[in-house]
Amino acid sequence: MPLLVPNRYRGKLIVVEGIDGSGKSTQLSLLSQWLRSQRIAVSFSEWNSSPLVRETTRRGKKKNMFTPVTFSLIHATDFADRLERYIIPLMKAGAVVCADRYAYTAFARDVVRGVSRKWVRNLYRFAVRPNLAFYFRVPLEVAIGRILGGRNAIKYYEAGMDLELSRNVEESFRIFQGRILDEYEAMIQEVGFHVIDATGSIEEQQQQMREIVIEQLGENLRNGILRASQGDIDAAQAAARVL
Amino acid sequence: MLHKQPLAFYSEALAGVDKDELQGKLIVIEGPDSVGRSTQVSRLRAWLEHEGHAVLDTGLARGALAGKGISQAKDGNLLGPITMTLFYATDFADRLENEIIPALRAGFVVLTDRYIFSLMARAIARGEDRAWIERVAGFALVPHAIYYLRAEVRDLVTRVVLGRGSFDHWESGMDMRFGADMHDSFVRYQARVIRALDRMAKRYNFVIVDAAKTPDQIFKELQRSIAKLF
């Protein structure tokens with residue numbers, strides 16, 4: 001059973017994965033700025049962000065209605081919507097799509113919630129295989145330190161409170177993230193992650209990412225990808241302002 | 001392999017469900033759009049209750065979690081085929097875990113207007129992979145009986161024209177533009193749905209009921225068959 005569909009579009013797909021607090025979003029944002037500075041057309045897609053599904057997800061979360069299976073399915077619905085309406089059309093147009101979390105997030109998180117590894121891998125079989133998938137490896141305590149230092153409250157599902165691991169939110173979060181970390185570690189070979197040591201400095205990590213991008217996609221970035229001239233950029237920005 | 005005992009899971013066991021606790025009966029009425037399913041469901045419900053059974057009736061996109069979201073998404077005509085399949089699967093899982101299984105535990109007769117089969121047939125009609133959707137829906141419980149109200153496309157067309165009097169966007173598969181207009185698309189799309197259901201009949205042990213018969217005849221046929229389940 002093949003895992004994910006090969007990317008047969010002009011554009012490329014780069015994804016980042018890792019537990020909360022691994023620093024992957026920061027790195028993806030730096031990478032996309034670097035690509036844009038080379039006039040490459042870059043688009044972003046974030047996990048769990050489809051407007052079509054938002055109300056349903058909100059309702060389920062607010063009333064704690066989710067089970068492991070419905071939680072998994074609603075995220076797959078959200079993902080399918082972004083893929084069908086956004087990611088694939090943009091890649092057809094030749095853009096580089098940068099995704100903050102991808103199907104692998106479900107492979108890790110949904111399995112920890114209690115669906116089987118086989119079932120969730122089949123569920124996402126329609127997904128396009130990324131050209132590059134970075135996994136930001138970070139020890140649990142480092143990630144937790146970053147999360148707890150940075151904001152006030154961890155939300156119910158984020159902490160995996162639905163799993164009844166602990167009545168203490170922080171403790172539950174710790175156990176939950178630890179299990180997700182184990183799932184990520186176990187799938188490195190299977191899904192072909194490029195592992196980035198996320199304890200290194202931000203600059204070091206970014207340097208590593210850029211080297212891998214050049215090494216793996218260099219030829220494609222020179223030819224094939226949609227590039228903008230300064231004139232295109234000015235025109236697009238002017239049009240966006242009018243809207 | 002799919003001819004399993006009633007109330008077993010097809011391929012994926014749901015956590016926290018002990019099959020031996022499920023005392024009720026699960027009865028499915030399947031069939032394409034406009035074939036007359038809901039008429040039969042409401043008559044069967046009245047009859048079963050008269051016989052002293054507690055009945056839960058349920059159907060596609062009626063769940064508390066995703067029912068509203070699906071209907072809003074359909075109003076916007078924005079659903080891609082895979083997204084639609086998965087949105088319906090979410091609703092199905094929600095109803096299975098939060099309505100159907102609790103009712104079966106309590107010894108109810110669960111009468112469901114469509115089940116995973118319509119959901120799968122619609123996906124297959126839209127060109128999605130049969131093995132994929134079959135595994136996605138593998139957490140469904142095997143029903144005690146599945147009645148497939150089978151009709152030809154021309155009969156469905158007649159019912160739409162004489163009934164509602166107009167073709168529906170989704171029932172015509174217009175999201176996929178199977179034909180130049182609603183009629184042509186309806187004919188092609190429903191033919192694909194029927195073909196997909198036909199191909200499931202043996203595999204999933206459907207009882208095929210000829211929907212060209214009168215509603216009374218169909219009702220009596222269903223009654224006779226359902227009575228044997230008790």
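Author: This is a predicted model. One place to begin is helix H8 of chain B: the face turned away from its buried side carries the exposed residues Asp216(B), Gln217(B), Lys220(B), Arg224(B) and Ala227(B).

Reader: ok, and which residues of H8(B) are buried?

Author: Ile218(B), Leu222(B) and Ile226(B). They cover an arc of only 60 degrees around the axis, so they sit on the same side of H8(B).

Reader: why would residues a few places apart point the same way?

Author: An α-helix has 3.6 residues a turn, so residues three or four places apart point the same way.

Reader: what do the buried residues of H8(B) pack against?

Author: In chain B, they pack against strand E1 (25-30), helix H1 (37-50), strand E4 (145-150) and strand E5 (207-210).

Reader: how far apart are the end C-alpha atoms of H8(B)?

Author: They are 18 Å apart. The helix has 13 residues, 215-227, and at 1.5 Å a residue it should span 18 Å, so the two values agree. The expected span is 1.5 Å times one less than the number of residues.

Reader: switching to chain A. what's the strand order in the open sheet?

Author: The five strands go E2-E3-E1-E4-E5, with parallel pairing. E2(A), residues 42-46, and E5(A), residues 194-197, stand at the edges with a single partner strand each, so one side of each has no neighbour in the sheet. From one strand to the next, the twist averages 20 degrees.

Reader: how many bridges join E1(A) to E3(A)?

Author: Five, between residues 12-17 of E1(A) and residues 96-100 of E3(A), and the two strands run parallel. Within E3(A), Ala99(A) is the bridge partner of Val15(A). E2(A) is also joined to E3(A) by five bridges and runs parallel to it; there, Ser43(A) has Val97(A) as its partner.

Reader: is E3(A) mostly covered or mostly open?

Author: Mostly covered, with four of its five residues buried.

Reader: which helix of chain A lies across E1, E4 and E5?

Author: H8(A), residues 202-222, which runs at about 165 degrees to E4(A).

Reader: last topic. how many residues does each chain put into the contact?

Author: Chain B gives 23 and chain A gives 26. On the chain B side, H2 (67-75), H3 (81-105) and H5 (130-136) each supply at least two residues. H3(B) gives the most, with nine. By class, that side of chain B has 15 nonpolar, four polar and four charged residues.

Methods:
Residues are numbered from 1 along each chain as its sequence is written. Chains are lettered from A and ligands numbered from 1 in the order in which they are written. This is a predicted model: local features need pLDDT of at least 70, side-chain atom pairs count only at pLDDT 80 or more; totals for chains, interfaces and linings use all residues. Two strands pair if DSSP finds at least two bridges between them. Axes are lines fitted to C-alpha atoms, for helices over the stretch in contact, and angles run from 0 to 180 degrees between N-to-C directions. Two residues are in contact if their C-beta atoms, placed from the backbone, lie within 7 Å. Ala, Val, Leu, Ile, Met, Phe, Trp, Tyr, Cys and Pro count as nonpolar, Asp, Glu, Lys and Arg as charged, and the others, Gly among them, as polar. A residue is buried if 20 or more other C-beta atoms lie within 10 Å of its own, exposed if 12 or fewer, and partly exposed in between; C-beta atoms are placed from the backbone. The arc is that of the directions from the helix axis to the C-beta atoms.
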